[in-house]
Each structure stands twice: as C-alpha cells, then as structure tokens.
Amino acid sequence: MTLAAQVARQLAARARWRPLEIVFWLAALASIFLLPSRHLILTEIAILGLFALSLDLILGYAGILSLGHAAFFGLGAYAAGLLAKYGLVGEPVLALFAAGLGAAALGFVTSFLLLRGSDLTRLMVTLGIALILREIANRYDWLTGGADGLQGIVIGPVLGAFAFDIAGHVAYVYSLSVLFLAFLAARRLMNSPFGLSLRAIKGNSLRASAIGIGVDARLVAIYTIAAGYAGIAGALLTQTTQFASLDVFSFERSADVLLVLILGGTGYLYGGLIGAVVFKLVQDALIDVTAQYWQFWIGLVLVLIVLGGERVKRLAAAAGGRIARLVGRRPKLDAKAP
Amino acid sequence: MLTILFDGIAYGMLLFVLACGLAVTLGLMNFVNLAHGAFAMAGGYVTVVLVNRLGVPFLAALPLAFLASFVLGALMERTLYVHVYAKSHLEQVLFTIGLVFMSVAAVDYVMGSQQQFVGLPAALQGRYDVLGVGIGKYRLLIIVICGALTAALQLILVGTRFGTRLRAAVDDRRVARGLGINVDAVFAVTFAVGSGLAGLGGALGAEILGLDPIFPLKFLIYFLIVVTVGGTSSITGPFLASLLLGIADVAGKYYVPKLGAFVIYTIMIAVLIWRPQGLFGRVTAR
Amino acid sequence: MSRNGLVTASAAIVLALSAVDRAPAQDAVKIGLILPMTGQQASTGRQIDAAVRLYVQQNGANVAGKKVEVILKDDGAVPDNTKRLAQELIVNDKVAFIAGFGVTPAALAAAPLATQAKVPEVIMAAGTSIITERSPYIVRTSFTLPQSSVIIADWAVKNGIRKVVSIVSDYAPGIDSETSFKERFTAAGGQLVEAIRVPFQNPDFAPFLQRARDAQPDAIFVFVPSGQGGAFVKQFAERGLDKAGIKLIGPGDVTDDDLLNGMGDAVIGAVTAHLYSAAHPSDINKAFVAAFKKANAGMRPNFMAVGGYDGMHLIYAALKKTNGATEGDALVGAMKGMAWESPRGPISIDPETRDIVQNIYVRKVEKVGNELYNVEFATFEAVKDPAKAAKK
C-alpha cells in the first residue's frame, strides 16, 4: 500500500462516527421533545458549549492558552445586537454569519500577538485584549449603551419563518442547530490534514516546523477560526436574549469557559459540550438549593475532581477507557494517566 | 505630582507583597496557584476580627495576620497542594479556582458579604504635608513595612544558605535535587512564607483596596500582571513590575481619568509583546 | 484527564434529575425574587433577601386565601442570567411577580419579558430613572437617583457651597445622579468644576480623590453604588480632604447604613439626601430595625432593605385588593396609586409613572451613642422622580 493510501485510510478511520457520538447527538435531539420546560437553560448550555468548543480548537488542538476568549464572544454579541438594533441585518442567521466574520477578523489581527511567548504570556495578552475591548464598549456608550447594556434589540424570525417565543423553544432549536452544524464543521476540520498538523504543533512546535509544517500560519488560521466560532456563540446569546451587556467581555466569562472546557477535557471536541452540560446543570441545581452559597459546593466539586481524579480513574478505568476509544479521543493532557 | 508618585509607589509596594509569593511558587514549582489571593483575604479578615472584635492594636495584629496565613499556607500545602504538583497546568487551574470559589463562599457565610474595614489608630490617619507634597501616613507605613520586607527577602535570597538552595531550585529543579537539596522542603517553606506575605498584604491592603469576600477574584488579574510582567526568575523582577504597575495605574487615573482602565492593560500587552518572558525575566531552559 | 466515564455518568444523572418537571402547587402565588447573591453586589442581595424574609415572617404566608411562595434566584448581577432566570420563573414556575433586580442592566434585561408575559416586575433596588418607562408592568419601590441628587443640589446652594467636583461611578445610576445634580446646581448659580467618572469596578479611589482635591472645591458630590461607600470615605479621609475643609455631599448611597459604622469618624459631618436612614425617628421604623437586626445577627437594614420590605408590602397589598387574582393588568392596576406608611415614612406609587413617590430627607452623619447614624434634619415631602417630571 502506498503511503498516500495509508494516510488516507488513517484519516478516514479517524473521521468515522463512533456509536457514542451518535448517542450523544440523539440525546440532544431528544431533549427538544422530552424537556420542553428546560429549553431556556438548555439554550444557555448550547451557547456555552459552542463557546467552549471554540476554545477547545485553540487550547486542545493548538495548545494556545487563553484567558480572554470572551473578547470574541463579546464582539459577536455586540455585533449581532447592533446589526439587529439598527435594522442592518434583520434575519438572524445572516447576522450570525456577519458577527462570526467580525470576530474572526479581530481574531486574525490579534493572533499575531500570540505567536511568541509562553503560556503565561499568552494568557495575559488575551486577557488584556478582552479587558480593553470591554473598556471600549463601556466608553462608546452612544453606540453600545455603555454599562446599561444594549437595549431595544428586536430580533426578526429565524429564516423569516420562526419567531422567538417566550418559552424559548425556537431559541433552543435554533441554538442547537447552530451548535450541531458548527460542530460538524469543526469535526471535519480537525480530522483533516490541517487538524493533524495542529496536533503536531501542539506536541512539539520545533519538531513540527522541522518536518515542514508552517507553524505560524497554522496558528493564525486556527485562532481566526476559533475567534469566529466564539463570535457566533456570542451572537447567539444576543439573539436568544435580545440583549447584550458589558458582561459578555468580562474576565469571569473567559474564566468560566476555560473551567468548563477543562472540566469536560480538552482535545476531543466533546469536552466543551459535556463540560457545559455538567457545569450549568450542577450550578443550576445548587442555586436552587442555596442561592447564596452555591459557589462553595461547586468549588468543592472542582477540588474533589482534581484530588480524587486518580481514584476515580482507577474505578472508571475500564469504562472511561472504552468511552475514550468510542468517542475517538486521543488522550493528550493525561499522558500520566493509567 | 510627587504626591501621585508617592501614592503609586505605596500601591505598587502593596501589590508586590501581595503577589511575590505567587511569583516564587510559579517560578519554583511551575505551579499555577490562582488561589493565592485567598491567603491574602485570610490575612485581611484575621486582622479585621483581631482589631475590631478583640481589640488587638493594629500594629500587633499585622504579624498575627502573617502568622495566620503562614500556618494556613503550610497546612494547605502539606495536605492538599502536594497532591496536585504532578498534575497538568489545566488541572491545577481547576483545583485552585475551586479553592477560590470555596473561600469566597465560606467567607461570605462567616463574615457576611459587605465590605470590612480595619479600625485604624488615629495616629495612622490623615497625612503630612511636606513642602506641598501630601504624604498619607498610612501609605508611608505601607512603604516602610513593604520596603523593609523586600530588603529582607533580597538578603535572605542572596545571603543565606536557604536562599542559595531556593535560587538553585528555581533555576533547575532536577539538578538541585540531584545535588541533595530537599526541594520539597524548600518549596513547602517558600509556599508558607509566600502565603504569609500575602496575608500581611491583605491586612495592610484592607484599608486601601477594600476587603470583601470576592477579594481573591477581584485582584487575581493584578497579581497575574505583576508576575507576567516581572517574570518569575527573581524577586526583583516582580518588585519593579509592581512599582511600575502601581505608578502607572495611579498616574493614569489621575491624569487621564477617562482612560484610567486602559492604561495598565495597554502597558501590559506592550511589555509582553516586546519581552514575552517578562520585563525582567530570563529565558529559561524549561 | 480520562474521566469521561465519570463525566458522562454525572451528566446523565443530572439530566435525569433536571428532567423531572417541577409540578406547580395549586393555589399558591409565586414570587420570583432575582437578586445578586454572589459577586460584587452581593451585599445588596443579602439586604433585600433578609427584608423579604422578614416581611413574610411578620405577615404570614397567606394573602387573600392564597399561599405566597418566594423563589429566590441568584443572578450575580449579570444581566443575561437575570433574563434567563426571569424567563424560567415566568414560563416554568408560573410566577405572578418577578421582583428584586440589584442593578439597572438586570432590571432592563427583564423588562421585555414583563411586557410580553404581562407579569408585574417589582424593582426593589435598581435606581436609574428610565427603568419604569421600559415596560408598563414595572413598578418601583426603591428610589430614583435624581430624587435625592436634586434635593442635595438645592441644599448645597442654600448653604453657601458654590464650587463642586462630582465623582460618580461610571454607569447609568451614576450618570443619572451627575446629570440631575449638575442641572439643578448650575441653574441655581453653583459651579461644577469637574465631573469625574470612576470605573464601576474600582479598587482604588485615591487618584480620583487627589484630582478632586487639587481642584480645591467647597464640596465633593459623590455617588458610588451600595457597598463601595466605605472604601470611598476611607480614602476621602486619608487624602485629608476632611481636614482641608472640603465637604462630602451626595445621594445617601455613600453613607450606606450597612457600612457606616466601619467607616470611622472621618465620615462624621457628611451631608447626604436620601430616602431612608436606619435612624428615622418613627415607631414603625424602630420596630422594623429591631426586628431586622434580631433576625439577621445584628445587621443593620439599609435603603436596599426597605426597598425589599416595601416591595413585598406592595405585592401583598395588591393581592388583597384583587382578592387573590393574579392577572398582571389587575395587579399593576391595584398597585397604581397605592399609598402606605413604610419604615422610611409615607410613600406611594405614582399612578402615572408607576414610580415611587417618597420623602427625601437631608441627613448628617453623627455619632449616636457608640454608633454612627445618618441623622435626618430636613424633610422634602412626597418627591416624585424629577427626571420624569422634567420630560413632561
């Protein structure tokens, strides 16, 4: 067999859909019909999941640590809000694309600041960019509404046919569809030679460049794409809540999404989605129990997950390992894990 | 003009005492301790309780705040942190953010969510006017204490056996271990001292920065800026970075109040693009 | 981190748990209380939550033959949380009221929902003037910032203050108070030398205060949100502004009862105009303060607490008037023009604007016994929101 054929077969094997993946998406589809009363929080989960997926593209696949991913989320959110408010683009799907493009443009420009430096440096540069954007949004309040948030956004019906309803059904189906399509695209991309070259860069960028992979160009490309994804997630938030506030840029939002992604695991695309489901539902359940002190318990959960990781791993080794194989995950961060 | 400079220095010194422990832990163990601010908060609240409820004089409460955070740091290090050193950075982030959440909610539960203030003795309130330069008495105290601490730290690092071991361990942990240096013990002590210093900073800073349960989150960004701009390979780096940050922040707010918050972030990004290892950092082999 | 097994399992469990629909109890009137219980504004949420619980405890959980149930949610003062929580409360829990709202953006985010679902939105904290105009279902029991800012401007002019620097937090309520103060003050011949806006989340006031001091005004007009007043006053004293003869004036948010005792003697003499002081000399208030302290380990109620207390009173009274009917238009109709005696003094709901009409008191911080209090010395009766009056 020629090398090219071998590579092609490898790639095809990677791209095959595993049973558990299908189960995952069927469950998501079922939630539309089975959990109508939970559509509001599910919408939020879908948006957070998409946002975390976008972070996974750069952290899990290219190894760029970001604490300012909200910059793109926020830009998308405000872009969608302004487009709708001033009637420039009335149809949500088009506006979504426009917002994504805007965020991708910002991602492209800022990606050049991230080519040098350590994890910590990148962490702080991304954080700084997000905070500066927040200040800009705060300063130009004639456009953005400043600290009051962007008011008076009226979003037209999706595809001209489905108007948003108060129970959030349309919003959920819309968000889930966007998430699914975005996921498909990301999955396709990450199983392509481009995705493989990113993994090589993440593994060892020096070696990657030695075998002829253009490191900088690829980092710029993936950062731009991820920024576009984040922008779409932000635009979805604005469209489904008909509202945008400065909080879309906040440090807390960047930190939360990082938390969600780490919780779910990086580098296999589902981490962000699973993390979002777990984090949001646990948080929601805890707020129901104690609106004032829920943070304590969620903190405890995080600490225990890390501390108990080894023991849980041993217990769940069999099951976990199988699931990992089933979803086609190639463990990256936990090279030490048994 | 000079008043602004003075204020900026005091603010910067305070930031240094708060953040230097973080710089050392990051440089030494390559450990991301986002919960560093929680130790500062602990020191602050210990001082509030001592001074306001038990009537301990403020100056006597300061060493106690250091001690409390020192002990807390040592305990946490031995019981919890040791299990996390070997894990990935991302897991460390998860772990320490979890600790921050817990500390925030716990303090809210015990002390309430409102801001706390330390009852300062009258002698420390108000300010001197020296040749038209307004010098806040309290800020002067901060500069004196933090300056002395910095000098002491530098002397310990350079002049003592422990300091030599610590520097060796920061430079190359594996080789230091090979030379028979007990890196874990060195680290445990350093961690506790760093926590203690943060606690002292929290006690001193309660008056100026305000003290409420979200303190560890509110100032996390500032700590991280100090560490990244200053680099983690020495303590002079973070020290100078703190001063720079303090002065820039105060001067920015004074001269261009409309741009106040832009100033420090812009400086930070500019510095990091120019010197990705930090302004005073060295490129290490790691 | 190969804990996929764990993650997937827990996800399944949580999903299963959350799938259980909460069955709505029959004949209960539900009130969705959305407050910032965590984060920067947590002290506001805590005061209001405590006041609401106190009201229910004092007045029983039954009104007009129906059981009242309060559902507390934490939005952390993040508006998109507020919106989602309000929506869930309306759609799933079928609440008859949404109430609370710690900050203006949160109140505004929920406004379209109130209109769409015809559910009364009772604002217990947020103080920007425009809020009540955003939905015909919004009713406010807290305050508007122009109410007190205008009064303090009048007082300043009368008392020989000519030159003022303003320092306000850079968000809607701050800008509201700056604007209304400036208009009234300059119209009466005063001079606003400089208007400084400080970031909403601001660790250090010192540079701004130094700038204000260097302008050598007679007084500094200040608005900072509830909870930040303490840090401001500390810095005010540390800069020696009190010694330099510069007065501290403003709406009463800065001398918040919740924090006043911690501020130290530097704050003595600060003159503010506000709707409520824990030292308000009425029997109702004395009983209220005593009961509040007893129920909350000695915590002193502030103006946020009375906003919550009166909000609950308004809800109870409206339910009594409609005989327990929970139709939104009927409830808002019942609330309009409602007048009663609150711990802060006589108040009413303006039938035209659905905003609160209340006395504004001019107070000075004094030492009463061992504690600091805002002692009221002048009263302006039945003040309507001046910003809305000006628009007519």
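B:Asn33 is a buried residue, since 27 other C-beta atoms lie within 10 Å (buried means 20 or more other C-beta atoms within 10 Å of a residue's own, exposed means 12 or fewer, and partly exposed is in between, with C-beta atoms placed from the backbone). The model is a predicted one, where local features need pLDDT of at least 70, side-chain atom pairs count only at pLDDT 80 or more, and totals for chains, interfaces and linings use all residues. Residues are numbered from 1 along each chain as its sequence is written, while chains are lettered from A and ligands numbered from 1 in the order in which they are written.

Back to B:Asn33, which sits in the loop between H1 and helix H2 (36-53) of chain B. Helices here are DSSP runs of H or I with at least four residues, strands are runs of E with at least two, and both are numbered from the N terminus. Leaving aside residues up to four places away in sequence, B:Asn33 touches B:Leu22, B:Thr25 and B:Thr96; a contact means that the two C-beta atoms, placed from the backbone, lie within 7 Å. From B:Asn33 to B:Gly21 there are 12 residues in sequence and 9.7 Å in space, C-alpha to C-alpha.

Next comes the meeting of chains B and C. Chain B puts 31 residues into this contact and chain C puts in 29 residues. On the chain B side, the elements that give two or more residues include helix H1 (2-29), helix H4 (89-111) and strand S2 (133-136). The biggest giver on that side is H1(B), with 4 residues. Sorted by class, the chain B side has 11 nonpolar, 13 polar and 7 charged residues. In this sorting, Ala, Val, Leu, Ile, Met, Phe, Trp, Tyr, Cys and Pro count as nonpolar, Asp, Glu, Lys and Arg as charged, and the others, Gly among them, as polar.

In chain C, strand S1 (residues 28-35) has 7 of its 8 residues buried, so the rest of the structure largely encloses it. S1(C) pairs in the parallel sense with strand S3 (residues 66-74) over 8 bridges, a pair being two strands with at least two DSSP bridges between them. In that pairing, C:Leu33 stands opposite C:Leu72. S1(C) also pairs in the parallel sense with S4(C), over 4 bridges, and there C:Gly32 stands opposite C:Ile98.

Helix H3 (residues 79-91) of chain C is mostly covered, with 13 of its 13 residues buried. H3(C) reaches 18 Å from its first C-alpha to its last, close to the 18 Å expected, where the expected span is 1.5 Å times one less than the number of residues. The loop between H3 and strand S4 (97-100) of chain C holds C:Lys94. C:Lys94 has a positive phi of about 55° although it is not a glycine, and its 16 C-beta neighbours inside 10 Å make it partly exposed. Most residues other than glycine have a negative phi.

Chain A has a positive phi of this kind too: A:Leu269 is near 70°. A:Leu269 lies in the loop between helix H12 (251-264) and helix H13 (270-289), and counts as buried with 22 C-beta neighbours inside 10 Å. Chain A as a whole has 15 helices and 0 strands. Its radius of gyration is 20 Å, close to the 20 Å of the globule rule for 338 residues, so chain A is as compact as a globular protein of that length (the radius is taken over C-alpha atoms, and the rule is 2.2 Å times the number of residues to the power 0.38). Buried residues make up 54% of chain A.
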